[in-house]
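Here is a short report on one protein chain. It starts with the whole fold and then turns to single residues.

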Amino acid sequence: MLVVAALITSCAAEPIVNSGNSVQGAGAGVIWSIPKDKIVDGGVGEDGIPSLDDPKYYNFNDVTYIGNNELVIGVVIDGQARAYPHKILDWHEIVNDDFGKSQKTVSYCPLTGTAMGWEREISGHVLDFGVSGLLYNANLILYDRQTKSRWSQLSRKCVNGELLDTEAVSFPVLETTWGMWKRMYPNTIVLSDIQGYNFDYSFYPYGSYRWNNNYFIFPVDNLDTRLGAKERVLVLYYKQIARVYRFESFGGGKVVKQQFFEKHHLIAGTPEVMVAYELAEDQLHLEFELMHFGRAFLKDNEGNTWSLGGVALSGPRKGQKLVLASSYMSYWFAVPPFFNWTTIIDVL
């Protein structure tokens, strides 16, 4: 059976949840660091949603299948910019990529709207990740093909197997529109819509899911109704504490400074992107504002301009960096189940 058929079937079917301490496909009698009775079988099986292990790319000016307002996950490694469109990741969820000197994995869970970047070299292994077919609070559980361990994307660690409790080593990813990304990074390459699979990437495989706040395919704990379930938010986190920022708080564009535990942050938002940076001690006095043209995203009172990824493009600090904070974009409903405390921040 074609994977696409299995995927659509899994979206329409009731979640398969076994009672007691086991779930179909999770393995009886093995140790999990998350509740086994909360693990759901998505119905597609291991690798039923195929990862991209040899991803194909276009140069940005050869891309015709993405609209300017469509969302992409953006990554810049060693000066190489790459864009991973949602419409491709909806069908593959995981890209095992090679940046020459380093191997990376970009994962995207279409059910929680969350993207993560992980280093593939973990605990002395270079791992290839795949889709396990299992979910926890509607969120992707990956597995690695070298040790057969399973990894919870939003727990950011191994939850079952040989590498149990090993923390994932993350790297920053950005989520914005294709129009903004190609303006910021005109030399970017982009996942091709020809990947060797018979998929129609123009078709969204989950029906009304991403805009219907009342439509859930799989069960979720701690459903918090303070915001619409599928509202996209920026999650800034420290251990088990999360701060959530909303697009509507930033209006047509705004930059704010806030302290979160011992770190000072700069949070910038426009209708196309929200991003959080950590400020070093010698950056605290800088006053930032948005730029709405060219390759620069921010400028400051010293005359520096800064890229979306936090690199100073011009000015006396050229080449310096604003560190991207520990944060990610998510559907609102997927935040409270993974943190002990979640605060929604009003930006004044």
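Contact here means heavy atoms within 4.5 Å. Among contacts between residues at least 6 apart in sequence, 60% join residues at least 24 apart.

This is a predicted model, where local features need pLDDT of at least 70, side-chain atom pairs count only at pLDDT 80 or more, and totals for chains, interfaces and linings use all residues. Residues are numbered from 1 along each chain as its sequence is written, and side-chain values use heavy atoms, with hydrogens and water left out.

**Confidence**

pLDDT is the predictor's confidence in each residue, from 0 to 100. Its mean over the protein chain is 92. A value of 70 or more is reached by 92% of the residues. Residues 1-22 have pLDDT below 50. That stretch still has 44 contacts in the model beyond near neighbours in sequence. Where pLDDT is low, the predicted coordinates should not be read in detail.

**Overall fold**

The protein chain has three helices and 28 strands. These are DSSP runs, numbered from the N terminus: helices (H or I) have at least four residues, strands (E) at least two. The C-alpha trace spans about 60 × 45 × 40 Å along its principal axes. How does the radius of gyration compare with that of a compact globule? The chain has 20 Å, which agrees with the value near 20 Å for a compact globule of 348 residues. The radius is taken over C-alpha atoms, and the globule rule is 2.2 Å times the number of residues to the power 0.38.

**Surface and charge**

Of the 348 residues, 55% count as buried. Buried means under 20% relative accessible area, exposed over 50%, and partly exposed in between (1.4 Å probe, protein chains only). The accessible surface comes to about 14800 Å². Carbon and sulfur atoms account for 49% of this surface. Areas come from the Shrake-Rupley method with a 1.4 Å probe; for residues, only the protein chains shown count as cover.

There are 30 positive and 38 negative side chains. The centres of the two sets lie 3 Å apart. Lys and Arg count as positive, Asp and Glu as negative; His and the chain ends are not counted. Each charge is placed at NZ of Lys, CZ of Arg, CG of Asp or CD of Glu.

| Residue | Strand | Relative accessible area |
|---|---|---|
| Leu298 | E23 (residues 298-300) | 0% |
| Leu236 | E17 (residues 232-238) | 1% |
| Ala81 | E4 (residues 80-85) | 10% |

The contacts below leave out residues up to four places away in sequence. Leu298 touches residues including Val255, Leu266, Phe288, Trp306 and Leu322. Its C-alpha atom is 8.6 Å from that of Gly310, 12 residues apart along the chain.

Leu236 is in contact with Ile241, Tyr245, Phe260 and His265, among others. Ala81 touches Val75, Val76, Trp181, Tyr185, Thr188 and Ile189. The C-alpha atoms of Ala81 and Pro271, 190 residues apart along the chain, are separated by 22 Å.

**Positive phi in loops**

Most residues other than glycine have a negative phi. Ser123 has a positive phi, near 50°. Ser123 sits in the loop between strand E8 (121-122) and strand E9 (125-126). Asp165 also has a positive phi, about 75°, although it is not a glycine. Asp165 lies in the loop between strand E13 (157-160) and strand E14 (170-171). Is Asp165 buried or partly exposed? Asp165 is partly exposed, with a relative accessible area of 44%.
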